[in-house]
Amino acid sequence: MLKRRQFLTGLVALAGSPLLGAVSAHAAVTASADATAIPGASSITDSLGSIWTVSNGVIFRNGQTVGNTYNVSLLLWYGGKVWHSGTGGQFYVLTGNDTWAQCSDPRVAIPGTVGSFYGMNGHFDYTYTPAQLISMLKALGCTTYRVGCTDDPRQLNAVAALAQAFENAGMTLFVLVNIGLTDSSGNLFPNEDVAYSTARAASQTIASTLSPFGVTIYECGNELTRQNATVMNFTYAGTKVTDFNNTNWPIMRGVMRGLIDGVKTVQPSAKCGINFCVADTGASDALWDGMQPDGSGGHPVVRWDITTWHNYEVYGDIFNIGQDGASPGFDLPTYCKARYGVPFIISEWNANPEDSQAFRGTYITSHLGEFYQARKTHNIQSVIYFELDSGNNTWGVVNNGVALNPPFSAFASFTAANPDN
């Protein structure tokens, strides 16, 4: 689960970042209409004002070739990104690193899994009984509950009790395997092998404990791309692989690989997610393709079953999120759908902590509406609000069992009026 202090630190950093002014900085540019394609159009104008053309099967941007392209039969502007396919039908997308990466056709609508769309975050150490939690979640219209733990027996036993209750209630417990990049003394793991073996052992213990109680979906690590050791600067949007620390990259990769493999040794059919923040497609692309931030390839790949993302108000609209801290936005779930071909979960989202309760209620309604509209096209499986109870009147929708309104009523009213079907 996102630590409150960590988020506030990132919030302060981003507040002074050009990321937050991204769209207005280029407001004068009139981009081509979404889904404009060549052939059909003679040229495409992107959101930076660059002009794209195709000549003899080769792509040009402002008269200069972009990468190594040939036999291009379609050039497409869609969701704030440039895509192309060749005569063989393989699609490619222009990444934040200005290279072409394989993907599928982004225009294909893919519906998310029905029955787990509305979710809520919580903590293993809440004083609520499992029955009380289930009652509150049902009142909110939630069927998915995200909770984190390590392999520490105190944490794991608490989550096991939740798992048993949730299985009996027919609800989904989405377990965050909350293993980080450091040992028990707070020191970074010395290398990828140690990181892998440590993480693998921990997640194997967690899955062995929870699998008898019907847990089948895990999130492997929490915001690992946004640690002091992994991101070069917290104001970076994350769309470039160079936004991340090359030296410590293998340690993060080892933890992610170990967490996934540990779960899979116990539950081969379990679904494992890796989560990202802000616009960290530079990180997700590099992990998926076995790349280092220095551009070298051939390294171990990280392949997940679910792409998960955190999207707080300060990061911007996830369907139009800033590309590099200065550029206009792009539709991140569409990019992930086409690039990785797996379901998408927004595993944490909320407004800013200083916002009023009235603002938060409106924010919940508007964002649930946006998420709900996209659930049938963007392969969005769940949207999980942060959080049920924050111990005060900031993040939560309840405090000590008492509903905080209008956030609670806004959430419950929306789910009642908009079924997960």
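1. I217 is found in strand β13, where strands (E, at least two residues) and helices (H or I, at least four) are DSSP runs numbered from the N terminus. This is a predicted model, in which local features need pLDDT of at least 70 and side-chain atom pairs count only at pLDDT 80 or more, while totals for chains, interfaces and linings use all residues. Residues are numbered from 1 along each chain as its sequence is written, and side-chain values use heavy atoms, with hydrogens and water left out.

2. At 9% relative accessibility, I217 counts as buried, a term that means under 20% relative accessible area, with exposed meaning over 50% and partly exposed in between (1.4 Å probe, protein chains only). Apart from neighbours within four places in sequence, I217 is in contact with T172, L173, F174, V175, K271, I306, I345 and Q381, contact meaning heavy atoms within 4.5 Å. The C-alpha atoms of I217 and I306 are separated by 9.2 Å, although these residues lie 89 residues apart along the chain.

3. Helix α5 (residues 192-210) has 19 residues and should span 27 Å at 1.5 Å a residue, which agrees with the 27 Å between its end C-alpha atoms; the expected span is 1.5 Å times one less than the number of residues. Its buried residues are E192, A195, Y196, A199, A202, S203, I206, A207 and L210. Seen down the axis of α5, these buried residues fall within an arc of 145°, so they line one face of the helix, the arc being that of the directions from the helix axis to the C-beta atoms. Their cover includes β11 (144-149), α4 (153-169), β12 (172-177), β13 (217-220) and α6 (249-266).

4. The largest nonpolar core has 109 residues, and those with the most contacts inside it are M120, Y145, L173, L210, Y218 and W349; such a core is a set of buried Ala, Val, Leu, Ile, Met, Phe, Trp, Tyr and Cys residues joined through side-chain atoms within 4.5 Å. The largest share of this core, 8 residues, comes from α6. A second, separate core of 11 residues includes I59, L75, W77 and V82.

5. Some backbone geometry deserves a careful look. The peptide bond from F386 to E387 is cis, with omega near 10°, and E387 is found in the loop between β19 (380-385) and β20 (398-399). N379, in the loop between α9 (357-374) and β19, has a positive phi of about 60° although it is not a glycine, and at 8% relative accessibility N379 counts as buried.
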